Amino acid sequence: MTTLTRRGFLAATAAFAALPLVPARARAAADTFSLTATTRVIEVNGRAATVMGLLDAQGRPGLRLDPGQRFRTDLTNALDIDTIVHWHGQIPPNAQDGVPNTNPMLKPGQSRSFDFAARPGTFWMHSHIPEQEIGLLAAPLIVRRPEEVAEDRQEVVMLLHDFAFATPQEVLETVTGGTAMDHDAMDHSAAPMPGMQGMGDMMSMPGMAEMHASMEGGMSMDLNDYEFDAYLANDRTLVDPEVVRVEKGGRVRLRVIDGAAMTAFWIDTGAATARLVAVDGNPVVPLPGTRFAISPGQRLDIEIDLSGDGTAVPILALREGTRERTGLILAPKGAAVPKLADLSENPHPAVSGDMTQEIVLRAVTPLAARPATAQPMVMLMGSMLPYQWTIDGRSWENRRPVEAKSGERVEMMFHNMSMMAHPMHLHGHTFQVIEVNGTRFAGAVRDTVSVPPMGSVTVALDAGEAAPWMLHCHHMGHLATGMMTEFLVRA
Ligand SMILES: [Cu+2]
């Protein structure tokens, strides 16, 4: 006991001696980020709107960490409601994951310290309460790699949202037909639902979108649940888009975050030469192209090499199944900035169900080859009318967790028995996509994968910290009506 104490004391003395002469208090402050959940006013198509946000000490949205910096952050709740913030894609200790069922909510005025090793890449953070995420309580969380700092590439972040002037509660009530968070209603879903129930539910409820796209075999899938008033890129529409100053012939790393509550997009780089180099913060073998798919919760890192002709390059996000679009403009000095309509001429194709991109993505650092010792099946079920979404036909209250032992290799199969795509997100882990619609391959490492309607996706992962981790659809209407369960890792 005495020896240990003495050793500890000596080690501390040595460490102190090696540090530069900065007062301890000042040093700690410089290493700690501050983040405030608060309200802010944005202007959407000329109309002011009060939304929520996550601001740093300088009042800017989100955080940017340099290589090697820990996520050491004091989060303050300046809202007048309880909140909790999830660090999407990061792998903190479970007690810091920022979800209501395992972490206490922050009351108004309360602060809490978070401290964990940050994973490098493009991430985001958002409230884990559906109404708050719909209300834009979200921000970028960028952790730079040493090679990204060293390379001569301008970083541009594009955070996407779907936005309504109606309150988030009204949006959710409209989408769900009033069943969201109504636990009595949710209990009816305890019995498994027939998988094909979603077919033919061509509802016409007020405010609901009726977007359907044909699938092979003439079936019809559902794309969008709600007609939002606007689609935002960094809080702005194409009526008044962000214009990012770039160098003529410059090189850009575009970090796209789909923070929309219910909307999948195509990211369109137009004439600019582009390649997808990372998904969900994890590097992939570069995939050249000019149009890339993104679903709620996902991120794309896209390298863009601008031509030397000095013209402005719009970077557009095209809402699937409709003509709506948003975006920002990369403009070299002196370039004419084009005025773009917020509607395309023709509806954009479906992102949902289009697995063309997913099946060609290859992780730069795949999982080590290992036989799986657990192969759980996760059934994604539900329908538009009644609007109810479940995992294995069970409500959250009656959930049966997907279980695994810490350290074991798991191959989790998502089987989608519904007519909508579901962007499935697992907390506390990354996984590798290894199967789509029956075809096996060694795909991208991700934390959120879109499971096609009436299709399947299998992901491989090594079970992490022994704890309950959230496993859910990132469509807020689906999450709110019950499409969530736990991945319960046992010691
Ligand atoms: Cu879903």
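View 1. The model is predicted: local features need pLDDT of at least 70, side-chain atom pairs count only at pLDDT 80 or more, and totals for chains, interfaces and linings use all residues. Residues are numbered from 1 along each chain as its sequence is written, and side-chain values use heavy atoms, with hydrogens and water left out. β24 covers residues 402-405 and β33 covers residues 484-490; the two pair in the parallel sense over four bridges. Strands are DSSP runs of E with at least two residues, helices are runs of H or I with at least four, and both are numbered from the N terminus. Two strands pair if DSSP finds at least two bridges between them. One face of β24, with V402 and A404, is covered. The other, with E403 and K405, is uncovered. In a regular strand the side chains alternate between the two faces of the sheet.

**View 2. T485 sits in strand β33.** T485 is buried, at 2% relative accessibility. Buried means under 20% relative accessible area, exposed means over 50%, and partly exposed lies in between (1.4 Å probe, protein chains only). Leaving out residues up to four places away in sequence, T485 touches I391, W396, R399, R400, P401, V402, W469, M470 and L471. A contact means heavy atoms within 4.5 Å. One of these contacts, V402, belongs to the covered face of β24.

**View 3. Three residues coordinate the copper ion.** The donor atoms are ND1 of H422, SG of C473 and ND1 of H478, at 2.0 to 2.1 Å. Donors are N, O and S atoms within 2.8 Å of the metal (3.2 Å for Na, K and Ca); water is not among the atoms, so sites may look incomplete. In sequence the donor residues follow the spacing H-x50-C-x4-H. C473 is buried, with a relative accessible area of 0%. H478 is buried too, at 0% relative accessibility.

**View 4. M424 lies in strand β26, residues 422-426.** M424 counts as buried at 0% relative accessibility. Its contacts, not counting residues up to four places away in sequence, are L380, I391, F414, F431, D447, T448, V449, V451, H472 and C473. Among them is C473, whose SG coordinates the copper ion. How far apart are M424 and H475 in space, C-alpha to C-alpha? The distance is 8.7 Å, although 51 residues separate M424 and H475 in sequence.

**View 5. Strand β32 pairs with β26 and with β33.** Strand β32 spans residues 468-473 and is mostly covered, with five of its six residues buried. β26 and β32 run antiparallel and are joined by three bridges. Here H425 has H472 of β32 as its bridge partner. β32 and β33 also run antiparallel, joined by five bridges. On that side, H472 has M484 of β33 as its bridge partner. Strands of a sheet pair through backbone hydrogen bonds, either parallel or antiparallel.

**View 6. Helix α5, residues 168-176, has five named buried positions.** These are P168, V171, L172, V175 and T176. They lie on the same side of α5 because they cover an arc of only 110° around the axis. The arc is that of the directions from the helix axis to the C-beta atoms. The buried residues of α5 pack against α3 (130-134) and α8 (476-481). After α5 comes G177, with a positive phi near 65°.

**View 7. Four strands form an open sheet in the order β2-β1-β4-β6.** Pairing in this sheet is mixed. β2 (47-56) and β6 (111-116) stand at the edges, each with a single partner strand, so one side of each is left without a neighbour in the sheet. From one strand to the next, the twist averages 30°. Axes are lines fitted to C-alpha atoms, for helices over the stretch in contact, and angles run from 0 to 180 degrees between N-to-C directions. β1 (residues 33-44) and β4 (residues 71-77) pair in the parallel sense over five bridges. L35 has L75 of β4 as its bridge partner.

**View 8. The protein chain contains eight helices and 33 strands.** Of its 491 residues, 56% are buried. Among contacts with a separation of 6 or more, 75% join residues 24 or more positions apart.
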